[in-house]
Structures are given as structure tokens and as C-alpha cells.
Amino acid sequence: MTTREQARFDELLEADSRIEPRDWMPDAYRKTLVRQMSQHAHSEIIGMQPEGNWIARAPSLKRKAILMAKVQDEAGHGLYLYSATATLGTTRDAMTGALLEGKARYSSIFNYPTPTWADMGAIGWLVDGAAIVNQVPLCRASYGPYARAMVRICKEESFHQRQGFEILLSLMNGTPAQREMAQDAVDRWYWPSLMMFGPPDDESPNSAQSMAWNIKRFGNDELRNRFVAMLVPQAEALGITLPDPELRLDGDGSVVAMGPIDWSEFEAVLKGNGPCNAQRIQHRRQAHEDGAWVREAAAAYAERMSHPKAVA
């Protein structure tokens, strides 16, 4: 590193400009991006499992088609993010290996079970809703490939959130048993969805530096409060009760009080002790092993096509 290179990097951040793959960047900035972006990619891929579990059991052909499309979107999101991370010099194989070896994390939210169809609605409304609030600011992230990947991802996530809302609305307009099922799903997913934003800012090890580098634009607490404020009128429209009796908003719709989050649960899930941690990673390992022949065939084909004379 030279003083001139660091100065140029600082100038780009100060001007709210983009850092591109060929630009010089501090090692710590690169490392932070690889950690965050690969974790984001892993989350999209692991996140296919809770909903993929319901494709064959969807209550109608229409619901099946919509859910299949959503799961395919998530696979695409993972691909965009793996590709964007690869511009930092980390291969997809390396990222996948870190995940399968338990060295890389993914979002804790995907370690919870989906026992009923209503979970598909709760995931769309709450989990994808939280993702939108968290990820829209990433469209302005200082690293160009990450920001550009997030534009399409956020557009598709907005459809996923609406799909979840519509599932819950249909259930809430149904039988008493269906309304009870919808409320139960929201009760189970509400608090984990708030944990998606990460620990409080004063306890987050990475938040302040990521904001200084313009990777993140807002703190965890601010984004979490925005999300909750967004949910309140939507819950009223659904007829759903948010499971927080301490939640209070002011006249402007801003959160002024909310119940305590059980961060011990969050830490336990991150450490691998959630309801489905072992199941999720084992399923991913098995899928990776089952797909080995596809990767080998693709590599052999690419190698053959790289020698036109041999093909002729």
C-alpha cells in the first residue's frame, strides 16, 4: 500500500463513489466484503430448503408454481452473490467449501422449521420483508459488484414479500382453523425475523466499520425499528396480532418501545444449536455430493471445447 492508494480509496468513499474490482482496497475492506457477501450468498442457498420442503405439498397448482418460482429466484440470488464475491479473488469452490466445513455462517433465520403451509406466508411477509429493509440500502454499497447485484435481488424480494402477505391474507379470510394457523406462524417467525438485523449496534463487532466504509448505510437498530414500524399497519390490514404486547409507536409511526429480544437464542442458533442447523447443513452437503457428477461433466465438456482440433 502507498499513501497515494489509500488517499484515492478514501476519496472515493468520501465522494460516495464505487470501489470496483481492479481498484486498490485495504485488505480489511476486502475481507469484510468477502465475509458479508459470501454469508449472504450462503443464506440464499440454504434458504431454499425451508420453502422447498413445501413445493410438493402446496395446496394448489397455482401455489406450487409460485413457490417453485420463488425458490428458483433464491438460487439465482445465491449465484449473483457468489459471482460478485468472486470478483474479490475468492472462488465459489472456496466459499462452498467453507460453508460445508462449518467455517462460514449463513443467516440464523433459516434454522427454524416450517411445519405448516402458513409458514410460507410468514416467511414471505416477515423474513423477506426484513430482507428488503436490510438490503435496499445495500444497493448503494460502496463495492460496485455487490451494489449492482442487490438491485435485481431487492426487486424480486419485493414480490416474495407480497406473496407472503397474500398467503396470510387468504388464510385470515378463511376458517377459524386457518386463521389460527396463520397467527401461530407469525408468532413463531416474528422474533427471529427481528434478529436478522443483527445484535444491537453497541454490541455488533462489524457494524460501525462497515458503515464507515459505506458498505452499510444504517445501523442494525435503526433498520430493525423501520421494519417493525412497517409491519404494524400491515398487521392491522391482515387482522394479525404482532406477538409483542410492549410494542408502541408514536404519532408519526416511529417505534418508541418494544419488548426485549432474546439474544441468547440468536447466539445459540449461530453456534449451531438451532432447531434445524444440523439438518440444513447435512442436506446441503448431500446435495453437493449428489451434484458432483454434474460438475465433473461440465468441467470435462469445457476442457474438450477448449481444444477445437480435438473435437474435430
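User: How much space lies in the second largest pocket?

Analyst: This is a predicted model, where local features need pLDDT of at least 70, side-chain atom pairs count only at pLDDT 80 or more, and totals for chains, interfaces and linings use all residues. Residues are numbered from 1 along each chain as its sequence is written, and side-chain values use heavy atoms, with hydrogens and water left out. On a 1 Å grid over the protein atoms alone, a pocket is an open set of points where a 1.4 Å probe fits, with protein on both sides within 12 Å along at least five of seven lines. Its volume is the space filled by probe spheres set on the points, which are joined across faces, edges and corners. Here the second largest pocket holds about 460 Å³.

User: Which residues line the second largest pocket?

Analyst: Lining residues have an atom within 4 Å of a point. There are 14 of them, and Ile45, Met48, Arg92, Arg284 and Ala287 lie nearest the centre. Helices are DSSP runs (H or I, at least four residues), numbered from the N terminus. Two or more lining residues come from each of α3 (48–52), α4 (61–86), α5 and α12 (277–290). The most, 4 residues, come from α12.

User: What about the largest pocket: what is its volume, and which element gives the largest share of its lining?

Analyst: The largest pocket has about 1,200 Å³ of space. Its lining has 50 residues, with Arg35, Gln36, Gln39, Asn134 and Met196 nearest the centre. Helix α2 supplies the largest share, 9 residues.

User: How do the residues of that lining divide by type?

Analyst: Ala, Val, Leu, Ile, Met, Phe, Trp, Tyr, Cys and Pro count as nonpolar, Asp, Glu, Lys and Arg as charged, and the others, Gly among them, as polar. The lining of the largest pocket has 22 nonpolar, 18 polar and 10 charged residues.

User: Is Thr32 buried or exposed?

Analyst: Buried means under 20% relative accessible area, exposed over 50%, and partly exposed in between (1.4 Å probe, protein chains only). Thr32 is in helix α2 and is buried, because its relative accessible area is 15%.

User: What is Thr32 in contact with, leaving aside its neighbours within four places in sequence?

Analyst: Contact means heavy atoms within 4.5 Å. On that basis Thr32 touches Ser210, Trp213 and Ile215. A polar atom of the Thr32 side chain also lies 2.9 Å from the backbone oxygen of Ala28.

User: Where is confidence lowest in the protein chain?

Analyst: pLDDT is the predictor's confidence in each residue, from 0 to 100. The lowest mean, 60, is in helix α14 (residues 308–311), and the highest, 98, is in helix α8 (residues 176–195).

Terms used:
A polar contact is a pair of N or O atoms within 3.5 Å; within protein, one must be able to donate a hydrogen and the other to accept it, and residues adjacent in sequence count only if both atoms are side-chain atoms.
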